[in-house]
Amino acid sequence: MLKHFLWSLLGIADLEPLDSVDSPSVILVYFLYGVFLIMAVILLINMMIALLSNTYQQVAVRTQVLP
């Protein structure tokens, strides 16, 4: 299942395994799947901002040390 989620972040996942026999479970699965994708994108953007902020602080400190 984790492999399916990781491939879905890249947009190359097959959604057929998510189908079920009854309608409520299909709706719930697609809802949770969408929540996972949204949370994963937010987490990745947050990590990118943290890395860029840390890099900027390191460069700022190095420029202050050099005369």
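**First stop: tyrosine 33**

Select tyrosine 33, which counts as buried at 9% relative accessibility; buried means under 20% relative accessible area, exposed over 50%, and partly exposed in between (1.4 Å probe, protein chains only). Before going on, know that this is a predicted model, where local features need pLDDT of at least 70, side-chain atom pairs count only at pLDDT 80 or more, and totals for chains, interfaces and linings use all residues. Residues are numbered from 1 along each chain as its sequence is written, and side-chain values use heavy atoms, with hydrogens and water left out.

Tyrosine 33 sits in helix H2. Helices (H or I, at least four residues) and strands (E, at least two) are DSSP runs, numbered from the N terminus.

**Across to serine 8**

Now pick serine 8, in helix H1 (residues 2–9). Serine 8 is buried too, with a relative accessible area of 10%. Draw a distance from its C-alpha to that of tyrosine 33: 9.5 Å, for residues 25 apart along the chain.

**Along H2**

Color H2 from end to end. Its 43 residues reach 64 Å from first C-alpha to last, close to the 63 Å expected at 1.5 Å a residue (that is, 1.5 Å times one less than the number of residues).

Where does valine 35 lie? Valine 35 is in H2, residues 23–65, and it counts as partly exposed because its relative accessibility is 35%.

**Zoom out**

Show the whole chain: two helices, zero strands. Buried residues make up 9% of its 67 residues.
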